[in-house]
Amino acid sequence: MGMKAVTVLKTVRVAEEGNHQGREIVKGTKDEIPEELFDGLEKDGYVEALSGKNGGKKKPTAEEEAAAKRGAMLADLAALSDGDLASIIKTEKIAVEDSDSRDVVIGKIADARLAA
């Protein structure tokens, strides 16, 4: 029975050889679990695999970083009022159409800021 290095996303009790009660792996930590448990725990969102010699997560690609940055920006902009968005459009001189939905406007603001 091999072990697999993981980052724990949710605290959960896992089986452990020689311990009929198992043990708890704790959210936010790096740990090792039996390989045969990995697929089920990953599918259910409890763990994610670590890679590399020291068990560090793989470095995100430029596309993954850009998508994460845009996603965070979209979430921040979505929390603003229509008046705040209108002010940003005017101040940052972002071209929008009267027919653009709120989501399209937010996307245009994010894209303009990322392009700058």
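## The sheet and its pairings

β1 and β5 run antiparallel to each other, paired over three bridges (two strands count as paired if DSSP finds at least two bridges between them). One of the facing pairs here is Val-8 with Val-47 in β5. All of this comes from a predicted model, where local features need pLDDT of at least 70, side-chain atom pairs count only at pLDDT 80 or more, and totals for chains, interfaces and linings use all residues. Residues are numbered from 1 along each chain as its sequence is written, and side-chain values use heavy atoms, with hydrogens and water left out.

β1, residues 3–8, also pairs with β4, again in the antiparallel sense, this time over five bridges. Ala-5 sits opposite Glu-32 in β4, while Val-6 has Asp-31 of β4 as its bridge partner. Put together, that gives an open sheet of three strands in the order β4-β1-β5, with antiparallel pairing. β4 (30–34) and β5 (47–49) are at the edges with a single partner strand each, so one side of each has no neighbour in the sheet. On average, neighbouring strands here are turned by 50 degrees against each other, direction ignored. Helix α1 (residues 35–43) packs on this sheet and touches β1, β4 and β5, and its direction makes about 115 degrees with that of β4. For these angles, axes are lines fitted to C-alpha atoms (for helices, over the stretch in contact), and values run from 0 to 180 degrees between N-to-C directions; contact means heavy atoms within 4.5 Å.

## The whole chain

The protein has four helices and five strands, and from the N terminus on they run β-β-β-β-α-β-α-α-α. Helices (H or I, at least four residues) and strands (E, at least two) are DSSP runs, numbered from the N terminus.

What radius of gyration does the protein have? The value is 22 Å, whereas a compact globule of 116 residues would be near 13 Å (taken over C-alpha atoms, with the globule rule being 2.2 Å times the number of residues to the power 0.38). The C-alpha trace spans about 65 × 30 × 20 Å along its principal axes. Buried residues make up 23% of the 116 residues; buried means under 20% relative accessible area, exposed over 50%, and partly exposed in between (1.4 Å probe, protein chains only).

## Helix α4

α4 (102–115) has 14 residues and reaches 20 Å from its first C-alpha to its last, close to the 20 Å expected at 1.5 Å a residue (the expected span is 1.5 Å times one less than the number of residues). Its buried residues are Val-105, Ile-106, Gly-107, Ile-109 and Ala-110, and they pack against α2 (62–78) and α3.

Leu-114 also belongs to α4, but this residue is partly exposed, with a relative accessible area of 33%. Leaving aside residues up to four places away in sequence, Leu-114 touches Lys-69, Arg-70 and Met-73.

## A loop residue to look at

Lys-93 is in the loop between α3 (82–91) and α4. Most residues other than glycine have a negative phi. Lys-93 has a positive one, near 50 degrees. Is Lys-93 buried or exposed? At 75% relative accessibility, Lys-93 counts as exposed.
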